[in-house]
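Please consider the sequence and the model shown here.

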Amino acid sequence: MFYRAARRLPTSYSSQFAIIKRPEDRIIAVFAIGLALLVLPYVASTYTLSTLLVPFLICSISAIGLNLLMGYAGQASLGSGAFMAVGAYASYKLATNLPQIPIVLDFFLGGLAAAAVGIVFGLPSLKMRAFYLAIATLAVQFFIEWLFSKVAWFWNGHASGVVSTPAFSVLGISIDTPIKGYYFSLSVVAIVTLLAVNLTRSHIGRQWMAVRDNETAAQLMGISITKAKLSAFAVSSFYCGVAGSLWAFVFLKTLGITSYSIDTSFKIMFMIIIGGIGTIMGSFIGAAFVLIVPILLNMIPAALSLPLSTGVLACLEQIIFGMFIVYFVIVEPQGIVRTVRNFHQKLVAWPLTVNR
C-alpha cells in the first residue's frame, strides 16, 4: 500500500515539526491548492462564487478566530458577530475618511480595533468561567449592536443606517467582480490560516492549551493566566474583525448592523461545534456545512415539487442544526473532523485495524 506508516520515521527536526509530514498528504495539499486556484474560479458560476465560495472563505476566518478562543484557549464567547461589526465599521470609517490609506491596511487596522475591544471585554474572563463568561460576551453582542445602531457617526449620518461600502483596489487591481473577490478572499484566508497553524504550534498556543486544560497547573508552571486569556481574546477578535471587514467590503458591499446580529454569532459557534472544536480544519468543514445546508434545503423541495414555504424551510434549517449540534456534543465532541481523522488513520495503517 503506497499510503502506509511503516518506515516513515522523521530523520530531521524540519521533518519532525513540518506542518504536513507525509509526502502523500503534501500531494493532496498541492492538488487542493491547484483546485482552489485554477479550477474552481473558472468552473463555478458567478452565482456560486458570490453566494457560496466567497462567504465560505470569509466565514472560515471568523470560525478560525472563534476556534482559537474556544477550542485552544477554552474561553466561551457568544460575541463573534459584535467583533466582526467592530472591524467592519472601523474599516469603513478609515476607508471613507482617509481614502489615501491602502484598503488592506484599513482591514488590518479594523482587525486591530476589534482586538482592542476584545481585550477590554475579555477582562471578565479573568474572573468568570464557562456559562458566566458566555453571558458576559453575550452582553457585549447586545451592547455593540445598540452602539452601532444608535450612533450615526459610525455610518456617516445616513438616514437608513445601511451604507454602501466604497469600491477598492489592491495593488492596482479593482476588486469589482466575484472572481476577483474570490481570489482576494482566498489570499487573506491562506495568510491567516498559516498564521493560526503556526500560532497554535508556538509557545503562545501551548500556553492557551495549558490554560484550557487546567488553569491551576498552568499557573504552577509559570504561565501568566492574564496574558494567556487576553492574548486569546485579542487574536480571536482580530480574526473576527478582519472577517467582518471582508464581509462588508467584498461580499455584501454594504454595511449595516443587522448583518452582525446575534444570529451571526450563533452561526459561527455552530461552525466550530459541527466542524470540530480545537482544530483549524474543523473551522473550514463547519463553515462549509453551515453554508451548504440552507442551499440544499431550498434545492431539494423544489426538485421534489414539495410546496414548502420559506418559514417552514427556516424552521427545518434550525431543526437540522440543532440535531447535529446535539449529536456532536454528545456522541462526537470533536466534530466532523474527527471522522476525517479516523478515516486517515485507517488508511495509513491498512490492512491493520486501528482503534480510536
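What radius of gyration would a compact globule with 356 residues have, and what value does the protein have?

## Basis of the report

This is a predicted model, in which local features need pLDDT of at least 70 and side-chain atom pairs count only at pLDDT 80 or more, while totals for chains, interfaces and linings use all residues. Residues are numbered from 1 along each chain as its sequence is written, and side-chain values use heavy atoms, with hydrogens and water left out.

## Overall form

A compact globule of 356 residues would have a radius of gyration near 21 Å, and the protein agrees because its own value is 21 Å. This radius is taken over C-alpha atoms, and the globule rule is 2.2 Å times the number of residues to the power 0.38. The C-alpha trace spans about 65 × 60 × 45 Å along its principal axes.

The protein contains 14 helices and 4 strands, which are DSSP runs (helices H or I, at least four residues; strands E, at least two) numbered from the N terminus. Buried residues account for 46% of the 356, where buried means under 20% relative accessible area with a 1.4 Å probe, protein chains only.

## Helix 5

Helix 5 covers residues 103–122. Its buried residues include Ile-103, Phe-107, Ala-114 and Val-117. The buried residues of helix 5 pack against helix 4 (80–97), strand 2 (169–170), helix 7 (178–201) and helix 10 (225–252), with contact meaning heavy atoms within 4.5 Å.

How values were computed
Expected span 1.5 Å × (residues − 1). Buried < 20%, exposed > 50% of the residue type's maximum accessible area, 1.4 Å probe, protein only.
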